[in-house]
Amino acid sequence: MARPAKIHATGGDTATGRGRALFFGLLVLLLLAVLALGYAWGVISHAKQLFPYNHLKELFAAAPVQSLGLYSGYDVTLGREELACRELPADSLVLVLFGQSNAGNSGAGRFGAVEGVYNYNHLDGRCYRARDPLLGATGNGGTPWLPLAQAIIRHSLSEAVVLAPIAVGQTRVAQWAPGGNLHGRIGRVLDGLRAAGLPVGKLLWHQGESDGATSTREYEEAFLRMAASIRDAGEAAPIHVAVATRCQGEPNPAVRRAQQRLPMLMPGLRAGPDTDGLAGPRWRVGCHFTQEGLRRHADLWFSALYPMETGQR
């Protein structure tokens, strides 16, 4: 019986197999090298805030907060001048800025750095020379707070101003009260400022546009619980309450009534400006302020905080 013929690999087949193995080996090594380089650059990008980290942070800061489910705030510190918080002027006026988008970085124009104005960032506990967008609040536009701080310094009411923003766009008052998902931001900024040796001078509240379905009583109760928790945390600085309900449509009478009544309902609550009167394309684009609107917003805050300086009683 004939034996089956043995099949032997030729030299060409062996070389082809080795070539394929070498090719796939090199491909795997190349992929591993790309992954390693990508990881290393990601670490460096985060540490130094280089591309793409800084661009991604800009993108997230500009995106609608609710759609992302994020409640962090603008924290792109690339190009920001950092200063030691404890080396700021001892008599600096510290302003905690909270509420929703018009207390944050939502304006149509940005303002640059002003001598003597600083930004405490509750997200990293550090201080920087202030410029829009302010670190710590959501959005990536402008604010009324740099023009306000500039006016305070210009009138010799303080040598320096420290802005500590924690505002979050599209939020309701109940979210800031105890039990709300934003209440912890208040404690964090107060604790951080205390640890940095920066006593709070005033807390400025500008919010109400998102409370269209909130009654006068509900708004008052939520705000008073929030204010009581601030006092319980050991913070005695005055809380100034703006009248702010306009967003494209007409002002909300129920929330306006609550905001106007609040300064009479608890010691230490004081009236802020009424910004509902700023209507029309000169002052606003939708819910938010134009750059001219931001300047006027700042003027209204200055008049509310320092009536004697503007001839008001």
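Accessible area, as I use it here, comes from the Shrake-Rupley method with a 1.4 Å probe, and for residues only the protein chains shown count as cover. By that method the chain exposes about 15600 Å², and carbon and sulfur atoms supply 58% of it.

**Ground rules.** I'm looking at a predicted model, where local features need pLDDT of at least 70, side-chain atom pairs count only at pLDDT 80 or more, and totals for chains, interfaces and linings use all residues. Residues are numbered from 1 along each chain as its sequence is written, and side-chain values use heavy atoms, with hydrogens and water left out.

**Overview.** I looked up the secondary structure and got 9 helices and 10 strands. Helices (H or I, at least four residues) and strands (E, at least two) are DSSP runs, numbered from the N terminus. Next I checked burial: buried means under 20% relative accessible area, exposed over 50%, and partly exposed in between (1.4 Å probe, protein chains only). Of the 313 residues in the chain, 47% count as buried. Then I turned to contacts, meaning heavy atoms within 4.5 Å. Among contacts between residues at least 6 apart in sequence, 74% join residues at least 24 apart.

**Disulfides.** How many disulfides does the structure hold? I found 2, a disulfide being a pair of cysteine sulfur atoms within 2.5 Å. Cys 85 and Cys 127 form one of them, with their sulfur atoms 2.0 Å apart. This pair links distant parts of the chain, 42 residues apart: Cys 85 is in the loop between β1 (82-83) and β2 (93-99), and Cys 127 is in strand β4 (residues 126-129). The link is right-handed, with 110° about the S-S bond, and both cysteines are buried.

Cys 247 is joined to Cys 287 by a disulfide, S to S 1.4 Å. Here too the pair links distant parts of the chain, 40 residues apart, with Cys 247 in the loop between β7 (239-243) and α8 (253-261) and Cys 287 in the loop between β9 (284-285) and β10 (288-289). Cys 247 is partly exposed because its relative accessible area is 27%, while Cys 287 is at 16% and so counts as buried. Counting bonded cysteines along the chain, I noted the pattern 1-2, 3-4.

**Helix α8.** Which residues of α8 are buried? I listed Val 255, Arg 256, Ala 258 and Gln 259. They sit on the same side of α8, because they cover an arc of only 160° around the axis (the arc is that of the directions from the helix axis to the C-beta atoms). An α-helix has 3.6 residues a turn, so residues three or four places apart point the same way. Their cover includes α7 (216-232), β7 and β8 (269-274).

I spotted a cis peptide bond joining Asp 132 and Pro 133, with omega about -10°. Pro 133 is in the loop between β4 and α4 (145-154). I also checked Gln 170, a residue other than glycine with a positive phi, near 60°. Gln 170 is in the loop between β5 (161-165) and α5 (173-176), and its relative accessible area of 42% is why I call it partly exposed. Gln 248 has a positive phi as well, near 70°, and belongs to the loop between β7 and α8. Is Gln 248 buried or exposed? Exposed, because its relative accessible area is 66%.
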